[in-house]
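I open a new page for this chain.

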Amino acid sequence: MRYGEGGGLTAAERARREQVRLAAADLIEAGASDREVARRFRVSRMSANRWRRALAAGGRAALASKGAGGARCKLTRAQLRELEAVLEAGPAAQGWEDQCWTLARVTEVIWRRFGAEYTLAGADLLLHRIGWSVQFPARQAAERDEAAIAAWRQEVWPVVKERRRTWAPG
């Protein structure tokens with residue numbers, strides 16, 4: 001099962017891996033090489049080196065679990081409510097001429113208002129999380145005259161749609 005399908009690590013597995021990283025920190029601080037750390041904890045030397053660099057840059061806090069991946073939202077609950085209010089007000093309230101929200105516009109609003117950077121796919125996930133979905137508006141001319149269309153369908157269309165003649169003799 002893949003992460004997007006609900007797979008990934010449980011909270012207990014994340015805690016266990018964090019304990020492994022912290023135990024490796026003890027070994028690294030004692031002067032062990034990446035090769036020794038990798039052999040001791042049955043990880044790649046690249047992982048051991050990554051832990052060494054994280055420990056040097058941010059201490060033990062840098063090795064702590066950051067929670068479930070992909071589930072973190074860059075906006076707080078209050079910011080999400082504010083975003084919903086902005087979306088409800090419509091694009092014209094944000095300076096766009098038409099009344100069509102696009103993912104690019106939503107990401108721009110999030111960046112301008114909250115300073116959080118989202119990709120288009122990330123903005124799509126965020127919108128679904130707060131109950132919005134992608135919808136394509138029906139394109140209709142502003143000058144559309146339903147009465148004229150109905151009259152055309154009754155009078156002109158039957159003449160245009162007359163039975164076609166075939167090339168074969170009747």
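Entry 1. I looked up the side chain of Asp 34 and found a polar contact of 2.9 Å with the side chain of Asn 49. I note that the model is predicted, and that this distance is a computed one between the side chains of Asp 34 and Asn 49.

Entry 2. I checked where Asp 34 sits: it belongs to helix H2, which covers residues 34-41. Is Asp 34 buried or exposed? Its relative accessibility is 18%, and the cut-off for buried is under 20%, so Asp 34 counts as buried.

Entry 3. I listed what Asp 34 touches, leaving out its neighbours within four places in sequence. The contacts are Arg 45, Ala 48, Asn 49 and Arg 52.

Entry 4. I turned to helix H3, residues 45-58. I counted 14 residues in H3, and the helix reaches 20 Å from its first C-alpha to its last. That is close to the 20 Å expected at 1.5 Å a residue.

Entry 5. Which residues of H3 are buried? I wrote down Ser 47, Ala 48, Trp 51 and Leu 55. Seen down the axis of H3, these buried residues fall within an arc of 100 degrees, so they line one face of the helix. I recalled a general point here: an α-helix has 3.6 residues a turn, so residues three or four places apart point the same way.

Entry 6. I then looked at the face of H3 turned away from its buried side. It carries the exposed residues Met 46, Arg 53, Ala 56 and Ala 57.

Entry 7. What covers the buried residues of H3? The cover includes helix H1 (11-29) and H2.

Entry 8. I followed up H1. H1 and H3 pack at an angle of about 75 degrees, and their axes are 10 Å apart. Angles of 65 to 115 degrees count as roughly perpendicular, and H1 and H3 are therefore roughly perpendicular to each other.

Entry 9. I noted which residues meet between these two helices. From H1 they are Val 20, Arg 21, Ala 24, Ala 25, Ile 28 and Glu 29. From H3 they are Ala 48, Trp 51, Arg 52 and Leu 55.

Entry 10. Gly 59 follows the helix, and its phi is positive, near 75 degrees.

Entry 11. I finished with the whole chain. It has 7 helices and 0 strands. Of its 170 residues, 22% count as buried. Among contacts between residues at least 6 apart in sequence, 43% join residues at least 24 apart.

How values were computed
Residues numbered from 1 in each chain as written. Predicted model: local features only at pLDDT ≥ 70, side-chain atom pairs only at ≥ 80, totals over all residues. Heavy atoms only, no water. Helix = DSSP H or I, 4+ residues; strand = E, 2+ residues; numbered from the N terminus. Buried < 20%, exposed > 50% of the residue type's maximum accessible area, 1.4 Å probe, protein only. Polar contact = N/O pair within 3.5 Å; in protein donor to acceptor, adjacent residues only side chain to side chain. Contact = heavy atoms within 4.5 Å. Expected span 1.5 Å × (residues − 1). Arc of directions from axis to C-beta. Axes fitted to C-alpha atoms, helices over the stretch in contact; angles between N-to-C directions. Parallel < 35°, antiparallel > 145°, perpendicular 65-115°, else oblique.
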